[in-house]
Amino acid sequence: MGEVAMEEQDREITNMDRRSSVVENGIMLVINHSRVHPPLSVVLATVLYLAEFVTAAVVCSVYRKNDDVIWMGLTITFMLLPAVLIQLTLTFIHRDLGRDRPLVLFLHLLLLGPVIRCCEALVVYFKAGKQEEPYVTISRKISLKKGQQTPMELEVGQSERTLAMHRNAFKRTAVIQAFLGSTPQLTLQLYATIQEKYILPIRLALMVITLISITYGALVCSVLAIQIRYDDYKVRLRPAAYLCMIVWRGLEIATRVTALVLFSTALTHWMILVGMANLLFFFFLPWIQFWAKKGSLTEDVEKNFSKLGTTIVLCMFTLLYACINVFCWSAVQLDLTHRELIETKQGWGRLALYYSGRFVENFLLITLWYLFKSDFYEYVCAPLLVVQLLICYSVAVLFMLLFYQFCHPCRRLFKHNVHDCLHCICCRRGRRRERGRQANLPPSYSTAGTMVLMPEEQLLDPQNSQPPDPTSQLGEQETSNVEEMMEAA
């Protein structure tokens, strides 16, 4: 997945020796004379799509031979549903319905749309650079290097623009494939493996492919969230950032799926309730916020859509958002009143609330599984498995914190980072402890107020500029008190 770094940079300015730059009025105009980067993200998304589809078809044939009708039906469903949605997404983004392209539409009907799109992207890439082409647009970005912001204008050619459109399309399809197909497929196959009490090699291969697809989809979600939130900046992710995100997302998703599957093996009917509650909560949350703001539906989804069509598209978008949040953090928050449908502010409170709630939920699910587990787990050290799952999720959160603190490409633009939040929490706890200690201390002359009696002549004398000496007055008062006690005796 390291090659995704070149794809998600949105043509990051590197290798300046092969590019000419002119500074005018404080703005650097960059003219690209080098070859465009290969569409590796398009190829990777297509390979994952084909690998998962073919492997799932082979698993279905094995289920058919073994007369496992239920497993076969569910596997086919989770294989065909994302495939159909991917064809519709690619057709919608490239606007092929209004163009005379019968071969492309026929391949989409055969569920081979990603293959023909990948071939088109490779053809554009290999033809680029053979002849000089004029730029079709200028992209204005801000380069952020070592805390310094430099405005830039980049000339974008026709080939580069076409490849960017293919990359953006395949980013969306990778997310759809990951969370509408791969996550339920991985959950199903892991559940079937535990129920049948043996590991089928082809089924194990399918689970590995789906886990890679989900991790890649979550990685794309994180990068898309950064690019949308910091649209004015040139975003460049280092290899260390990708490493942190891969470990963070991989452990988070693997732990979540394992917790759900273990719970479903012990309390199957309750698993349906837990899954539907999660899905409905995240599905209706953006709509409740939309109704609370009393906003109107955005008209920028598609100008040719009616209100009904816009509502259907937004419902599908919200369904994808809900499916992502059921298994991992979506990295973005929906705002149906916004033109981009995405809230651009960094919600640290929502991030902390999500991971705190998800950790508690996973802990409860694993605990209930441990209490109601079947006899099949007698050969498994159940307490060790529980501890391992909790540690893996904690490590995932740790790598997430490391990413936002040290590896985020725009961390210098944060008003508050992870260190500030933790420092604020520690300061609050320290202040509370100090207040509690001060409240338990007995009153003393250092903390309690002392009344001092002064002679009337000293108060009325305007020439007396010297401040009174409370120590001498206290001594006089104590001497007079002693004399009165002696006379009384």
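User: Which residues do ring pairs link into a cluster?

Analyst: The cluster joined by ring pairs consists of Phe281, Phe282, Trp329, Tyr354, Tyr355, Phe359 and Tyr393. This is a predicted model, in which local features need pLDDT of at least 70 and side-chain atom pairs count only at pLDDT 80 or more, while totals for chains, interfaces and linings use all residues. Residues are numbered from 1 along each chain as its sequence is written, and side-chain values use heavy atoms, with hydrogens and water left out.

User: How is a pair of aromatic rings described?

Analyst: By the distance of the centres and the angle of the planes. Rings of Phe, Tyr and Trp (its six-membered ring) pair if their centres lie within 6.5 Å; planes under 30 degrees apart are stacked, over 60 edge-to-face, and the rest tilted. There are 16 aromatic pairs in the structure. One of them, tryptophan 329 with tyrosine 354, is tilted, at 5.2 Å centre to centre and 55° between the planes.

User: Why does the pair of tryptophan 329 and tyrosine 354 tie parts together?

Analyst: Tryptophan 329 is in the loop between helix 10 and helix 11 (348–372), and tyrosine 354 is in helix 11, so the parts tied together are 25 residues apart in sequence. Helices (H or I, at least four residues) are DSSP runs numbered from the N terminus. Tryptophan 329 and tyrosine 354 are both buried, that is, under 20% relative accessible area with a 1.4 Å probe and protein chains only.

User: What is the geometry of the pair formed by tryptophan 348 and tyrosine 404?

Analyst: Tryptophan 348 and tyrosine 404 are edge-to-face, 5.3 Å centre to centre with 75° between the planes. Tryptophan 348 belongs to helix 11 and tyrosine 404 to helix 12 (residues 382–407), so this pair ties together parts 56 residues apart in sequence. Tyrosine 404 counts as buried because its relative accessibility is 6%.

User: Where does the charged end of arginine 249 sit?

Analyst: A charge sits over a ring if NZ of Lys or CZ of Arg is within 6 Å of the ring centre and within 35 degrees of the ring normal. The charged end of arginine 249 is over the ring of tryptophan 248, 4.3 Å from its centre. Likewise, lysine 373 has its charged end over the ring of tyrosine 370, 4.2 Å from the ring's centre.

Technical notes. Helices (H or I, at least four residues) and strands (E, at least two) are DSSP runs, numbered from the N terminus. Buried means under 20% relative accessible area, exposed over 50%, partly exposed in between (1.4 Å probe, protein chains only).
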